[in-house]
Amino acid sequence: SREMNLKFLVLPVLLALFLPCRTSFSALPEAMWGSIEQAWRAHDAAGILAYAGSSVRIQINDREPGNYSREQAQAILQDYFSGIQTVSFAFRDKSQRVATGDHRWQRGGRAGAGTVTVISEQASGGWVLTEIYVRDG
């Protein structure tokens, strides 16, 4: 019938509208933390945000914290990574919701270190990255 054909047309259109978001949900936070660690070491802002929802709260050093779209958050992280070389990064404390790690870097021959804290929330599909805090010492 005509109504049945319309239903089959509407579903693909709706899927096409919502699939580009590409949020990865992690069933286990441990898998998410490992992926974020690898992405941070590689300065892969998109990889860090692969588990983020449509927005993420970010505060880097003394910059005012804010809620940003994934695209804005990616630009902020790329800006942070520009001009530094990561020497090491690893999470030292991990729970289901929060992971805190040590970031050692070099910028123009000067060594530095900082702390990175990421926070997640449980969503219907698993765990989603919601907040990133960076504090360089």
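**Loops, helices and rings**

Reply: Let's start with His 43, which is in the loop between helix 2 and helix 3. Keep in mind that this is a predicted model.

Me: What is the phi of His 43?

Reply: Positive, about 60 degrees, although His 43 is not a glycine. The residue comes just after helix 2. In general, most residues other than glycine have a negative phi.

Me: Which loop holds Asn 61, and what about its phi?

Reply: Asn 61 is in the loop between strand 1 and strand 2. Its phi is positive too, about 50 degrees, and Asn 61 is not a glycine. At 21% relative accessibility, Asn 61 counts as partly exposed.

Me: What follows helix 4?

Reply: Gly 83, with a positive phi near 85 degrees.

Me: OK, switching to confidence. What does the chain average for pLDDT?

Reply: The average is 85, and 80% of the residues score at least 70.

Me: Where does pLDDT stay under 50?

Reply: Over residues 4-22. For that stretch the model has three contacts beyond four places in sequence. Where pLDDT is low, the predicted coordinates should not be read in detail.

Me: Fine. Back to helix 4, then. How many residues does it have?

Reply: Helix 4 has 12 residues, running over 70-81. From first C-alpha to last it reaches 16 Å, close to the 16 Å expected at 1.5 Å a residue.

Me: Which residues of helix 4 are buried?

Reply: Arg 70, Ala 73, Ile 76, Leu 77, Tyr 80 and Phe 81.

Me: What's on the face turned away from the buried side of helix 4?

Reply: That face carries the exposed residues Glu 71 and Asp 79.

Me: Helix 2 next. How far does it reach?

Reply: Helix 2 has 13 residues and reaches 18 Å from its first C-alpha to its last, close to the 18 Å expected at 1.5 Å a residue. Its buried residues are Pro 29, Met 32, Trp 33, Ile 36, Glu 37, Ala 39 and Trp 40.

Me: What do those pack against?

Reply: The buried residues of helix 2 pack against helix 3, helix 4, strand 3 (85-94), strand 4, strand 5 (110-123) and strand 6.

Me: Changing topic: how many aromatic pairs are there?

Reply: The structure holds six aromatic pairs. In one of them, the rings of Phe 89 and Phe 91 have centres 5.1 Å apart and planes at 75 degrees, so the pair is edge-to-face; the cut-off for that is over 60 degrees.

Me: Which residues form the aromatic cluster?

Reply: Trp 33, Trp 40, Tyr 80, Phe 81, Phe 89 and Phe 91 form one cluster. Trp 33 and Trp 40 are among the buried residues of helix 2, while Tyr 80 and Phe 81 are among those of helix 4.

Me: Are Phe 89 and Phe 91 buried or exposed?

Reply: Phe 89 counts as buried at 2% relative accessibility, and Phe 91 counts as buried at 7%.

Me: Where is Phe 89, and what does it touch?

Reply: Phe 89 is in strand 3. Beyond four places in sequence, its contacts include Glu 37, Trp 40, Gly 101 and Val 116.

Me: What about Ala 99?

Reply: Ala 99 is in strand 4, and it is buried, with a relative accessible area of 0%. Its contacts beyond four places in sequence include Trp 33, Phe 91 and Val 116.

Me: Last one: what sits over the ring of Trp 105?

Reply: The charged end of Arg 107, 5.4 Å from the ring centre.

Definitions and conventions
Residues are numbered from 1 along each chain as its sequence is written. This is a predicted model: local features need pLDDT of at least 70, side-chain atom pairs count only at pLDDT 80 or more; totals for chains, interfaces and linings use all residues. Side-chain values use heavy atoms; hydrogens and water are left out. pLDDT is the predictor's confidence in each residue, from 0 to 100. Contact means heavy atoms within 4.5 Å. Rings of Phe, Tyr and Trp (its six-membered ring) pair if their centres lie within 6.5 Å; planes under 30 degrees apart count as stacked, over 60 as edge-to-face and the rest as tilted. Buried means under 20% relative accessible area, exposed over 50%, partly exposed in between (1.4 Å probe, protein chains only). A charge sits over a ring if NZ of Lys or CZ of Arg is within 6 Å of the ring centre and within 35 degrees of the ring normal. Helices (H or I, at least four residues) and strands (E, at least two) are DSSP runs, numbered from the N terminus. The expected span of a helix is 1.5 Å times one less than its number of residues.
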